[in-house]
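Subject: Structure for you, with notes

Hi,

Here is the structure I promised to pass on. Please have a look at it first, and then read my notes below.

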Amino acid sequence: RLLFAKLKCMQSSEIVIVGSTNMDMVVNTDRIPVPGETILAKEFFMNPGGKGANQAVAVARLGGNTIFVTKIGNDVFGHQSVQLFDDEGIDTRHILSDSELPSGVALITVDKIGENSIVVAAGANGNLHSKDLNDNILNDISKAKILLMQLEIPIETVSHLAKFASSKGVKVVLNPAPMADVSEDLLKCLYVITPNSTEAEMLSGIKISDLESAKKAAKIIANKGVDNIILTLGSKGALVYEAGKIDFVTAEKVHAIDTTAAGDVVNGAFVVSLAQGKGLLEATKFASKAAAISVTRIGAQSSIPFRNELIIDDLPPAQA
(Lines give C-alpha, C1' and ligand atoms only; values in the text may rest on other atoms or scores of the structure.)
Protein backbone atom coordinates (compact mmCIF):
# COMPACT_ATOMS: atom_id res chain seq x y z
CA ARG A 1 0.00 0.00 0.00
CA LEU A 2 2.87 2.39 0.83
CA LEU A 3 4.48 1.85 -2.60
CA PHE A 4 1.12 2.52 -4.25
CA ALA A 5 0.80 5.72 -2.21
CA LYS A 6 4.23 6.95 -3.29
CA LEU A 7 3.49 6.21 -6.95
CA LYS A 8 0.24 8.19 -6.74
CA CYS A 9 2.11 11.21 -5.34
CA MET A 10 4.38 11.19 -8.39
CA GLN A 11 1.40 11.69 -10.71
CA SER A 12 -0.02 15.07 -11.56
CA SER A 13 -2.72 16.10 -9.10
CA GLU A 14 -6.09 17.03 -10.58
CA ILE A 15 -7.46 18.10 -7.20
CA VAL A 16 -5.93 20.53 -4.71
CA ILE A 17 -7.44 20.69 -1.24
CA VAL A 18 -6.71 23.61 1.08
CA GLY A 19 -8.00 23.18 4.59
CA SER A 20 -7.65 22.05 8.16
CA THR A 21 -5.95 19.21 9.97
CA ASN A 22 -7.08 18.23 13.47
CA MET A 23 -6.72 15.44 15.96
CA ASP A 24 -10.23 14.33 16.91
CA MET A 25 -10.83 13.39 20.53
CA VAL A 26 -14.07 11.43 20.57
CA VAL A 27 -16.36 10.22 23.35
CA ASN A 28 -19.35 7.94 22.80
CA THR A 29 -22.37 8.57 25.03
CA ASP A 30 -26.04 7.63 25.20
CA ARG A 31 -26.91 11.25 24.52
CA ILE A 32 -25.28 14.63 24.04
CA PRO A 33 -25.24 16.54 27.35
CA VAL A 34 -27.15 19.77 27.81
CA PRO A 35 -25.31 22.89 29.08
CA GLY A 36 -24.14 22.45 32.68
CA GLU A 37 -24.66 18.68 32.68
CA THR A 38 -21.96 16.06 33.33
CA ILE A 39 -22.48 12.55 31.98
CA LEU A 40 -20.26 9.48 31.73
CA ALA A 41 -18.91 8.39 28.37
CA LYS A 42 -18.92 4.78 27.25
CA GLU A 43 -15.74 5.03 25.20
CA PHE A 44 -12.91 7.44 24.31
CA PHE A 45 -10.52 7.36 21.38
CA MET A 46 -8.38 9.70 19.27
CA ASN A 47 -8.67 9.76 15.51
CA PRO A 48 -7.04 11.97 12.83
CA GLY A 49 -9.54 14.51 11.51
CA GLY A 50 -10.16 18.06 10.34
CA LYS A 51 -12.41 18.81 7.40
CA GLY A 52 -9.57 19.43 4.97
CA ALA A 53 -7.70 16.29 6.03
CA ASN A 54 -10.83 14.14 5.97
CA GLN A 55 -11.66 15.30 2.46
CA ALA A 56 -8.10 14.71 1.27
CA VAL A 57 -8.19 11.15 2.63
CA ALA A 58 -11.58 10.61 0.99
CA VAL A 59 -10.21 11.77 -2.37
CA ALA A 60 -7.19 9.48 -2.08
CA ARG A 61 -9.18 6.40 -1.06
CA LEU A 62 -11.85 6.91 -3.70
CA GLY A 63 -9.47 7.07 -6.64
CA GLY A 64 -8.39 10.71 -6.95
CA ASN A 65 -4.96 12.33 -6.93
CA THR A 66 -4.64 15.27 -4.59
CA ILE A 67 -2.24 17.82 -3.18
CA PHE A 68 -3.16 18.86 0.35
CA VAL A 69 -2.27 22.35 1.62
CA THR A 70 -2.62 22.71 5.38
CA LYS A 71 -0.82 24.09 8.44
CA ILE A 72 0.10 21.96 11.43
CA GLY A 73 1.87 22.55 14.70
CA ASN A 74 5.41 21.35 15.37
CA ASP A 75 4.09 18.66 17.68
CA VAL A 76 3.30 14.97 17.86
CA PHE A 77 -0.20 15.39 16.39
CA GLY A 78 1.16 17.30 13.40
CA HIS A 79 3.99 14.86 12.71
CA GLN A 80 1.63 11.91 13.00
CA SER A 81 -0.80 13.52 10.56
CA VAL A 82 1.87 13.98 7.86
CA GLN A 83 2.91 10.34 8.14
CA LEU A 84 -0.69 9.22 7.78
CA PHE A 85 -1.18 11.44 4.71
CA ASP A 86 1.92 9.96 3.13
CA ASP A 87 0.61 6.46 3.77
CA GLU A 88 -2.70 7.36 2.10
CA GLY A 89 -0.98 8.59 -1.07
CA ILE A 90 -1.73 12.27 -0.52
CA ASP A 91 0.85 14.71 -1.88
CA THR A 92 2.22 16.49 1.22
CA ARG A 93 4.77 18.78 -0.44
CA HIS A 94 2.84 21.90 0.59
CA ILE A 95 2.11 21.06 4.23
CA LEU A 96 3.26 23.98 6.36
CA SER A 97 4.50 23.94 9.96
CA ASP A 98 3.69 26.62 12.54
CA SER A 99 6.49 27.36 15.00
CA GLU A 100 4.20 28.94 17.58
CA LEU A 101 0.71 27.42 17.51
CA PRO A 102 -0.18 23.75 18.16
CA SER A 103 -1.98 21.50 15.74
CA GLY A 104 -5.74 21.81 15.71
CA VAL A 105 -7.91 19.56 17.85
CA ALA A 106 -11.61 18.71 17.80
CA LEU A 107 -13.65 17.56 20.81
CA ILE A 108 -16.47 15.32 19.58
CA THR A 109 -19.41 13.76 21.39
CA VAL A 110 -21.32 11.03 19.54
CA ASP A 111 -24.65 9.76 20.88
CA LYS A 112 -26.21 6.32 20.55
CA ILE A 113 -28.06 7.15 17.31
CA GLY A 114 -24.95 8.53 15.61
CA GLU A 115 -25.60 12.26 15.97
CA ASN A 116 -22.67 14.39 17.08
CA SER A 117 -21.66 17.64 18.74
CA ILE A 118 -18.25 19.11 17.85
CA VAL A 119 -16.05 21.86 19.29
CA VAL A 120 -12.89 22.75 17.36
CA ALA A 121 -9.74 24.51 18.62
CA ALA A 122 -8.20 25.76 15.38
CA GLY A 123 -4.58 26.08 16.48
CA ALA A 124 -2.29 26.29 13.44
CA ASN A 125 -5.28 26.02 11.09
CA GLY A 126 -6.29 29.54 12.07
CA ASN A 127 -2.85 30.79 11.11
CA LEU A 128 -2.94 29.66 7.47
CA HIS A 129 -2.85 33.02 5.74
CA SER A 130 -2.51 34.25 2.18
CA LYS A 131 1.13 35.20 2.80
CA ASP A 132 1.90 31.51 3.36
CA LEU A 133 0.81 30.64 -0.18
CA ASN A 134 4.07 30.79 -2.10
CA ASP A 135 4.50 30.66 -5.86
CA ASN A 136 4.93 26.88 -5.86
CA ILE A 137 1.57 26.40 -4.13
CA LEU A 138 -0.19 28.85 -6.44
CA ASN A 139 1.38 27.22 -9.48
CA ASP A 140 0.08 23.78 -8.50
CA ILE A 141 -3.38 25.22 -7.86
CA SER A 142 -3.39 26.91 -11.27
CA LYS A 143 -2.68 23.53 -12.96
CA ALA A 144 -5.42 21.62 -11.11
CA LYS A 145 -8.91 20.84 -12.36
CA ILE A 146 -10.54 21.44 -9.00
CA LEU A 147 -9.77 23.42 -5.84
CA LEU A 148 -11.72 22.19 -2.80
CA MET A 149 -11.86 24.29 0.39
CA GLN A 150 -13.77 24.49 3.68
CA LEU A 151 -14.05 27.15 6.40
CA GLU A 152 -11.86 25.80 9.21
CA ILE A 153 -9.12 28.12 7.92
CA PRO A 154 -9.36 31.94 7.71
CA ILE A 155 -12.09 33.16 5.35
CA GLU A 156 -9.63 35.70 3.90
CA THR A 157 -7.42 32.83 2.74
CA VAL A 158 -10.38 31.02 1.21
CA SER A 159 -11.52 34.17 -0.62
CA HIS A 160 -8.01 34.92 -1.89
CA LEU A 161 -7.57 31.42 -3.29
CA ALA A 162 -11.06 31.25 -4.77
CA LYS A 163 -10.47 34.45 -6.70
CA PHE A 164 -7.05 33.27 -7.87
CA ALA A 165 -8.15 29.78 -8.90
CA SER A 166 -11.28 30.91 -10.73
CA SER A 167 -9.19 33.42 -12.69
CA LYS A 168 -7.08 30.47 -13.90
CA GLY A 169 -10.10 28.44 -14.99
CA VAL A 170 -9.95 26.06 -12.02
CA LYS A 171 -13.31 24.82 -10.71
CA VAL A 172 -13.63 26.03 -7.12
CA VAL A 173 -15.75 23.90 -4.77
CA LEU A 174 -16.52 25.31 -1.33
CA ASN A 175 -17.86 23.29 1.57
CA PRO A 176 -19.10 26.16 3.80
CA ALA A 177 -18.44 24.43 7.12
CA PRO A 178 -18.31 25.54 9.78
CA MET A 179 -20.51 28.36 8.53
CA ALA A 180 -18.93 31.83 8.34
CA ASP A 181 -19.74 35.13 6.63
CA VAL A 182 -19.54 34.10 2.97
CA SER A 183 -19.57 37.22 0.80
CA GLU A 184 -21.25 37.46 -2.57
CA ASP A 185 -17.81 38.23 -4.07
CA LEU A 186 -16.66 34.81 -2.84
CA LEU A 187 -19.81 33.08 -4.07
CA LYS A 188 -19.27 34.48 -7.55
CA CYS A 189 -15.86 32.76 -7.69
CA LEU A 190 -17.33 29.32 -6.99
CA TYR A 191 -18.24 26.56 -9.39
CA VAL A 192 -20.14 24.66 -6.70
CA ILE A 193 -21.06 25.27 -3.06
CA THR A 194 -21.98 22.26 -0.90
CA PRO A 195 -23.90 23.36 2.23
CA ASN A 196 -25.82 21.08 4.53
CA SER A 197 -29.32 22.14 5.57
CA THR A 198 -28.13 24.21 8.54
CA GLU A 199 -25.56 26.05 6.44
CA ALA A 200 -28.08 26.56 3.64
CA GLU A 201 -30.50 28.10 6.13
CA MET A 202 -27.82 30.56 7.23
CA LEU A 203 -26.90 31.39 3.63
CA SER A 204 -30.48 31.82 2.44
CA GLY A 205 -32.48 32.88 5.48
CA ILE A 206 -34.97 30.09 4.70
CA LYS A 207 -35.88 27.48 7.30
CA ILE A 208 -35.47 24.08 5.62
CA SER A 209 -38.11 21.57 6.68
CA ASP A 210 -38.86 19.72 3.44
CA LEU A 211 -37.88 19.48 -0.20
CA GLU A 212 -39.85 22.56 -1.23
CA SER A 213 -38.12 24.77 1.34
CA ALA A 214 -34.79 23.30 0.27
CA LYS A 215 -35.55 24.32 -3.31
CA LYS A 216 -36.38 27.86 -2.19
CA ALA A 217 -33.15 28.07 -0.21
CA ALA A 218 -31.10 26.86 -3.17
CA LYS A 219 -32.64 29.46 -5.48
CA ILE A 220 -31.86 32.27 -3.03
CA ILE A 221 -28.26 31.10 -2.67
CA ALA A 222 -27.95 30.89 -6.46
CA ASN A 223 -29.22 34.45 -6.81
CA LYS A 224 -26.28 35.58 -4.69
CA GLY A 225 -23.87 34.52 -7.40
CA VAL A 226 -23.12 30.78 -7.45
CA ASP A 227 -24.64 28.76 -10.29
CA ASN A 228 -24.37 25.26 -8.82
CA ILE A 229 -25.40 24.00 -5.39
CA ILE A 230 -25.27 20.58 -3.77
CA LEU A 231 -27.51 20.90 -0.70
CA THR A 232 -27.05 17.85 1.52
CA LEU A 233 -30.01 16.77 3.64
CA GLY A 234 -28.52 13.95 5.71
CA SER A 235 -30.54 10.75 5.66
CA LYS A 236 -33.03 12.39 3.27
CA GLY A 237 -30.50 12.70 0.46
CA ALA A 238 -29.26 15.71 -1.48
CA LEU A 239 -30.69 18.43 -3.71
CA VAL A 240 -28.72 19.21 -6.86
CA TYR A 241 -29.22 22.73 -8.25
CA GLU A 242 -27.45 23.16 -11.58
CA ALA A 243 -27.87 26.51 -13.32
CA GLY A 244 -31.59 26.64 -12.48
CA LYS A 245 -32.32 22.93 -12.93
CA ILE A 246 -33.17 20.95 -9.79
CA ASP A 247 -32.70 17.21 -9.20
CA PHE A 248 -32.83 15.10 -6.05
CA VAL A 249 -30.62 12.21 -4.97
CA THR A 250 -32.18 9.81 -2.46
CA ALA A 251 -29.89 8.59 0.33
CA GLU A 252 -29.37 4.87 0.74
CA LYS A 253 -31.05 3.35 3.78
CA VAL A 254 -28.43 2.26 6.30
CA HIS A 255 -28.08 1.94 10.07
CA ALA A 256 -26.06 5.03 11.00
CA ILE A 257 -23.84 4.82 14.07
CA ASP A 258 -21.60 7.89 13.58
CA THR A 259 -22.13 10.78 11.15
CA THR A 260 -18.92 12.64 12.12
CA ALA A 261 -17.22 12.71 8.70
CA ALA A 262 -20.20 12.08 6.43
CA GLY A 263 -20.14 15.59 4.96
CA ASP A 264 -16.42 15.35 4.31
CA VAL A 265 -16.88 12.04 2.51
CA VAL A 266 -19.58 13.63 0.37
CA ASN A 267 -17.25 16.45 -0.64
CA GLY A 268 -14.23 14.25 -1.28
CA ALA A 269 -16.21 11.73 -3.32
CA PHE A 270 -17.99 14.49 -5.22
CA VAL A 271 -14.79 16.14 -6.47
CA VAL A 272 -13.25 12.78 -7.41
CA SER A 273 -16.21 12.02 -9.65
CA LEU A 274 -16.26 15.59 -10.98
CA ALA A 275 -12.55 15.43 -11.85
CA GLN A 276 -13.17 12.18 -13.72
CA GLY A 277 -15.62 13.95 -16.02
CA LYS A 278 -18.97 13.19 -14.41
CA GLY A 279 -21.75 15.77 -14.20
CA LEU A 280 -23.07 17.21 -10.96
CA LEU A 281 -25.93 14.72 -10.61
CA GLU A 282 -23.75 11.67 -11.24
CA ALA A 283 -21.06 13.00 -8.93
CA THR A 284 -23.63 13.54 -6.17
CA LYS A 285 -24.92 9.99 -6.54
CA PHE A 286 -21.39 8.69 -6.15
CA ALA A 287 -20.87 10.91 -3.11
CA SER A 288 -24.12 9.72 -1.54
CA LYS A 289 -23.11 6.08 -1.87
CA ALA A 290 -19.72 6.76 -0.26
CA ALA A 291 -21.29 8.68 2.63
CA ALA A 292 -23.80 5.88 3.24
CA ILE A 293 -20.91 3.54 3.94
CA SER A 294 -19.08 6.01 6.17
CA VAL A 295 -21.97 6.55 8.61
CA THR A 296 -22.04 2.83 9.43
CA ARG A 297 -18.56 3.15 10.95
CA ILE A 298 -17.07 4.96 13.94
CA GLY A 299 -14.63 7.84 13.56
CA ALA A 300 -13.65 10.40 10.97
CA GLN A 301 -10.90 9.15 8.67
CA SER A 302 -11.34 5.59 9.95
CA SER A 303 -14.87 5.60 8.51
CA ILE A 304 -13.93 6.68 4.98
CA PRO A 305 -14.45 3.90 2.42
CA PHE A 306 -12.14 2.82 -0.40
CA ARG A 307 -13.17 2.87 -4.04
CA ASN A 308 -13.47 -0.90 -4.29
CA GLU A 309 -16.13 -0.89 -1.56
CA LEU A 310 -18.55 1.02 -3.78
CA ILE A 311 -20.57 -0.75 -6.43
CA ILE A 312 -21.05 1.94 -9.05
CA ASP A 313 -22.28 1.54 -12.62
CA ASP A 314 -20.68 3.52 -15.44
CA LEU A 315 -17.79 4.99 -13.48
CA PRO A 316 -14.14 4.78 -14.53
CA PRO A 317 -11.93 2.49 -12.42
CA ALA A 318 -9.75 3.87 -9.66
CA GLN A 319 -6.46 5.29 -10.93
CA ALA A 320 -3.47 3.00 -10.59
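In which sense do strand β10 (residues 192-193) and β11 pair, and over how many bridges? They run parallel, and 2 bridges join them. Two strands count as paired if DSSP finds at least two bridges between them. Helices (H or I, at least four residues) and strands (E, at least two) are DSSP runs, numbered from the N terminus.

Before going further, a word on the basis: this is a predicted model, in which local features need pLDDT of at least 70 and side-chain atom pairs count only at pLDDT 80 or more, while totals for chains, interfaces and linings use all residues. Residues are numbered from 1 along each chain as its sequence is written, and side-chain values use heavy atoms, with hydrogens and water left out.

**Around β11**

β11 is mostly covered, with 5 of its 5 residues buried. Buried means under 20% relative accessible area, exposed means over 50%, and partly exposed lies in between (1.4 Å probe, protein chains only). On one side of β11 the buried residues are N228, I230 and T232, and on the other they are I229 and L231.

**The four-stranded sheet**

An open sheet of 4 strands is ordered β3-β2-β6-β7, with mixed pairing. Its edge strands, β3 (43-49) and β7 (116-121), each pair on one side only. On average, neighbouring strands of this sheet are turned by 20° against each other, direction ignored. For such angles, axes are lines fitted to C-alpha atoms (for helices over the stretch in contact), and values run from 0 to 180 degrees between N-to-C directions.

Because 5 of its 7 residues are buried, β2 is largely enclosed by the rest of the structure. Helix α3 (residues 76-88) lies across β2 (22-28), β3 and β6, and runs at about 100° to β2.

**Cavity and pocket**

On a 1 Å grid over the protein atoms alone, a cavity is a set of points where a 1.4 Å probe fits but cannot get out; a pocket is an open set with protein on both sides within 12 Å along at least five of seven lines; and lining residues have an atom within 4 Å of a point. Grid points are joined across faces, edges and corners, and a volume is the space filled by probe spheres set on the points.

How many cavities of 30 Å³ or more does the whole structure have? The search finds 1, and the largest cavity has a volume of about 30 Å³. Its lining includes D24, F45, I108 and D258, and β2, β3 and β6 each supply at least two lining residues.

The largest pocket has a volume of about 1300 Å³. It is lined by 50 residues, of which N196, T259, T260, A262 and G263 are the closest to its centre. Among the elements that give two or more residues to this lining are β2, α2 (51-61), β11 (228-232) and α9 (262-275).

**Two backbone spots to check**

The peptide bond from A177 to P178 is cis, with omega near -10°, and P178 sits in the loop between β9 (171-174) and α6 (184-187). A243 has a positive phi, near 50°, although this residue is not a glycine. A243 is in the loop between β12 and β13 (245-249) and counts as exposed, at 65% relative accessibility.

Best wishes

Note on methods
Contact means heavy atoms within 4.5 Å.
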